[in-house]
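User: I'd like to learn how to read a structure like the one below. Could you walk me through it, feature by feature?

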Amino acid sequence: MRITLQDVEYRYQINTPFEHLALHDVNIDIEPGSYTAIIGHTGSGKSTLLQHFNALLKPTKGSVTIGDRRIESGRKEKELRGIRSNVGIVFQFPEHQLFEETVEKDICFGPMNFGASEKDAKDRARKALKQVGMAEEILEKSPFDLSGGQMRRVAIAGVLAMEPDVLVLDEPTAGLDPRGRMEIMDMFYQLHKERGISTILVTHSMEDAARYADEIIIMHRGTVFKKGTPLDIFSQPEQLLELGLDVPDTVRFQLKLQKELGIRFERICLSVDDLVSEVKTVMGRGNQ
Amino acid sequence: MLDKMILGRYVPVDSTVHKLDPRSKLLLVFLFVCIIFLANNLVTYGLVGLFTLLLLMLSKIPIRFLYNGLKPILFLIVFTFILHILFTKEGELLYKLGWLEIYDGGLRQGLFISLRFTFLILVTSLLTLTTNPISITDGMETLLHPFKKWKLPVHELSLMMSIALRFIPTLMEETDKIMKAQMARGVDFTSGPLKERIKAIIPLLVPLFVSAFKRAEELAIAMEARGYRGGEGRTKYRQLKWQTADTLLMLSLVVLTIFLVLLRS
């Protein structure tokens, strides 16, 4: 499903003394089956932006097209469920959305809201739980008896069980341990690869952005500052550092080597293996 | 969605009313609530209205913002008005259509009570709109100080109040967040049959309570970790200052009261 944002502007609390411009002149095109990372400082408008992807917020100017639905500013929209069942959002700290008596009921909540039968929803719950790497035994437990990490996984399973075409992730691994972080990010990537789910990842981790995304969008002061492939984006590390953003460890390592040893790399490396071979060739050249 | 709520919200603008001492504003609200019951005819209601309007103008709070914020309460006001028109059967019969009878007394009563309601809400929300929560509690604590003699836990009360006020916006934000998360999972809070909408509140309330309790516990631990042990011997960083403007406000209230007593029928 394609999502297109055209000249989107969003103002919070319009017509009050608290009015505040959160987004302006945003033009984004999310292609079906793509993996997009959105990076930017806190307050750059990332979270506001992602709420436009399933019409939780309607633009105060411009338009958002989700599949074949067009959401325009100043129009009353009815029946947004169709959009919401197709675009799943995993919010920051999704464990805050758990409320049912059992894990199973909570995971079934989304699918059943979108019209799945109870049996179908239960099947989906089992599948989703397996996807997030949890055992079926916990289906009957109360979600409030689980550990923080487990709650997170159950909440994510609740969104996956909706079987969306587009998955929007708002820092899904914030506050998890490094291993859980890797597992969850890899799981999302696998889903993206296997089922062709378009994925939009809002993140502070440049490693994740470099590793998984086909396209990176940098948000700055409420608008798109730059977009491109990870290579494009990280080829100009100075620009990122100027914005107060980080670069992946490999790039930082390259920059440091260049500075300390006075050598020049011809290209930017985004994975450790790539970096090793690049360092080898550059050093090899120096030795000859 | 909850953006427009103004109850309990502070609007930081620079105005005469903002600069008043919280004690005088608290007294104003308290006395105003009492003396508004003195008004019982057009002239006296007019006076009270004028006084309210003057305060609002001095506070520099945009009227449109006030109006938007009070819209939800408008329903209640209109409702009382209609109720009075329909059911108060005093005075002259003005209009009759089938079972519908409108009396002169009902009209007056309805009008006066809705006016009283409006003025009360305006003046009380003016207090929170123009005074930040910490000042309100400070003022409250000082005003209630004499009651300590009678074992009233003044400090604890004001602490409770400041915590409650402090967490209104936080809880609102939290509500908004959870609402959105559940909307993304297919809950419809704003349309559909009433029964469905009531059911839709559960997925909102449960997480909200869970997080509120968690927050309360964390706050208690954080306070204890920083050595909080009640109000005994505690000094204040912000000192309250009674100024001429405060005295003038009190005087104007006295004048208003005198006029109300003289002009009421």
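User: Let's begin with chain B. How much of residues 65-87 is helix and how much is strand, and how far apart are the end C-alpha atoms?

Analyst: First, keep in mind that this is a predicted model. Residues 65-87 of chain B are 100% helix and 0% strand, with 34 Å between the end C-alpha atoms.

User: Which annotation from UniProt covers that stretch of chain B?

Analyst: The unreviewed UniProt entry labels it "transmembrane region", and the annotation covers residues 26-58, 65-87, 107-130 and 244-263 of chain B. Take residues 26-58 as another case: the span is 82% helix and 0% strand, and its end C-alpha atoms lie 17 Å apart.

User: What about backbone angles? Which residue of chain B has a positive phi without being a glycine?

Analyst: Lys60(B) is one, with phi near 60°. Look for Lys60(B) in the loop between α3 (42-59) and α4 (63-87) of chain B. Lys60(B) is partly exposed, as 15 other C-beta atoms lie within 10 Å.

User: And in chain A, where does Ala55(A) lie, and is Ala55(A) buried or exposed?

Analyst: Ala55(A) sits in the loop between α1 (46-50) and β4 (61-66) of chain A. Phi is positive there too, about 65°, although Ala55(A) is not a glycine. Ala55(A) counts as buried because 20 other C-beta atoms lie within 10 Å, and 20 or more is the cut-off for that label.

User: Now the whole of chain A. How many helices and strands does chain A have, and what does the radius of gyration tell me?

Analyst: Chain A has 11 helices and 10 strands. For size, you compare the chain with a rule for globules: with 288 residues, a compact globule would have a radius of gyration near 19 Å, and the 21 Å of chain A agrees with that. Along its principal axes, the C-alpha trace spans about 70 × 50 × 35 Å. Buried residues make up 42% of the 288. Of the contacts in chain A with a separation of 6 or more, 61% are between residues 24 or more positions apart.

User: What feature does UniProt place at residues 3-246 of chain A?

Analyst: The unreviewed entry has "domain: ABC transporter" there. In the model, residues 3-246 of chain A are 35% helix and 26% strand, with the end C-alpha atoms 28 Å apart.

User: How do I read a sheet?

Analyst: Strands of a sheet pair through backbone hydrogen bonds, either parallel or antiparallel. Here, six strands of chain A form an open sheet with mixed pairing, in the order β6-β7-β8-β3-β9-β10. β6 (87-90) and β10 (223-228) of chain A stand at the edges with a single partner strand each, so one side of each has no neighbour in the sheet. From one strand to the next, the twist averages 20°.

User: Which way do β7 and β8 of chain A run, and how many bridges join them?

Analyst: Strand β7 (residues 166-170) and strand β8 (residues 198-202) of chain A run parallel, joined by five bridges.

User: Which strands pair with β1 of chain A?

Analyst: Strand β1 (residues 3-12) pairs with strand β2 (residues 20-30) of chain A in the antiparallel sense, over seven bridges. One place to check is Tyr12(A), opposite His20(A) in β2(A). β1(A) also pairs with β4(A), again antiparallel, over five bridges. There, Thr4(A) has Thr65(A) as its bridge partner.

User: How many residues of each chain take part in the contact between chains A and B?

Analyst: Chain A supplies 26 residues and chain B supplies 21. On the chain A side, α2 (81-86), β6 and α3 (103-113) each give at least two residues. By class, that side has 12 nonpolar, 12 polar and two charged residues.

User: How many residues of α3(A) are buried, and what do they pack against?

Analyst: In α3(A), 10 of the 11 residues are buried, so the helix is largely enclosed by the rest of the structure. Among them are Ile107(A), Phe109(A) and Met112(A). The buried residues pack against α4 (118-131) and α5 (148-160) of chain A. Just after α3(A), Gly115(A) takes a positive phi of about 95°.

Note on methods: Residues are numbered from 1 along each chain as its sequence is written. Chains are lettered from A and ligands numbered from 1 in the order in which they are written. This is a predicted model: local features need pLDDT of at least 70, side-chain atom pairs count only at pLDDT 80 or more; totals for chains, interfaces and linings use all residues. Two strands pair if DSSP finds at least two bridges between them. Helices (H or I, at least four residues) and strands (E, at least two) are DSSP runs, numbered from the N terminus. Axes are lines fitted to C-alpha atoms, for helices over the stretch in contact, and angles run from 0 to 180 degrees between N-to-C directions. The radius of gyration is taken over C-alpha atoms; the globule rule is 2.2 Å times the number of residues to the power 0.38. A residue is buried if 20 or more other C-beta atoms lie within 10 Å of its own, exposed if 12 or fewer, and partly exposed in between; C-beta atoms are placed from the backbone. Two residues are in contact if their C-beta atoms, placed from the backbone, lie within 7 Å. UniProt positions are given in the numbering used here, feature names are shortened, and annotations may be inferred rather than shown by experiment. Ala, Val, Leu, Ile, Met, Phe, Trp, Tyr, Cys and Pro count as nonpolar, Asp, Glu, Lys and Arg as charged, and the others, Gly among them, as polar.
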